[in-house]
Amino acid sequence: MSEGLLARRCPAGHLHYPGHRVCPECGATPTGTVDLSDREGTVLTWTTSTATPSGVREPNSLAIVEFAVDGVTVRVVGQTTTDEVAVGQRVRPVYVEQLRDPAAGIRHPDSQDWDGYRFEPVEESITS
């Protein structure tokens, strides 16, 4: 099971994903993490790939999702659970044990993690 969808935070408050040994904005060493797996984000853009790598579902919809954390934003690229995605839509990360078929790659299946997160649209409640 995944440790979460972890963005790294540096002492200056910048967030970045995926994690780096130094902050891409200021060069500081990150001092903590923020788990995005229990937050909602907003789709900035998306696309559907019909020519996917071996073992990845086809077609494969991907989105760039922006999360706001304490007034700071961080962007994450990932698969979506559906091809019914729209710019500006609210989504949440959902854990998936297998994002691709481990037997389809050229590396030994046990040599890599195949789990991760996809983005699922958030149902908007209708108020009257």
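Threonine 52 touches Arg57, Glu58 and Asn60, leaving aside residues up to four places away in sequence; contact here means heavy atoms within 4.5 Å. The model is a predicted one, in which local features need pLDDT of at least 70 and side-chain atom pairs count only at pLDDT 80 or more, while totals for chains, interfaces and linings use all residues. Residues are numbered from 1 along each chain as its sequence is written, and side-chain values use heavy atoms, with hydrogens and water left out.

Let us stay with threonine 52 for a moment. Its place is the loop between β4 (41–49) and β5 (60–69). Threonine 52 counts as buried because its relative accessibility is 18%, and buried means under 20% relative accessible area, exposed over 50%, and partly exposed in between (1.4 Å probe, protein chains only). The side chain of threonine 52 also reaches the backbone oxygen of valine 56, at 3.0 Å.

Now step back to the whole chain. It has eight strands and zero helices; these are DSSP runs, numbered from the N terminus, with at least two residues (E) for a strand and at least four (H or I) for a helix. Of the 128 residues in the chain, 30% are buried. Among contacts between residues at least 6 apart in sequence, 52% join residues at least 24 apart. The C-alpha atoms fill a box of roughly 50 × 40 × 25 Å along the principal axes.

Next, the cysteines. A disulfide is a pair of cysteine sulfur atoms within 2.5 Å, and by this rule the count is zero. Cysteine 10 is in no disulfide, and the nearest cysteine sulfur, that of cysteine 26, is 3.7 Å away. That 3.7 Å between the sulfurs of cysteine 26 and cysteine 10 is too far for a bond. Cysteine 10 counts as buried, at 2% relative accessibility, whereas cysteine 26 is partly exposed, at 39%.

A pocket is an open set of points on a 1 Å grid over the protein atoms alone, where a 1.4 Å probe fits, with protein on both sides within 12 Å along at least five of seven lines; lining residues have an atom within 4 Å of a point. The largest pocket is lined by 17 residues, with Val77, Gly78, Gln79, Leu99 and Tyr117 nearest its centre. β6 gives the most to this lining, with four residues, and β5, β6 (72–80) and β8 (116–121) each supply at least two.

Note on methods
Polar contact = N/O pair within 3.5 Å; in protein donor to acceptor, adjacent residues only side chain to side chain.
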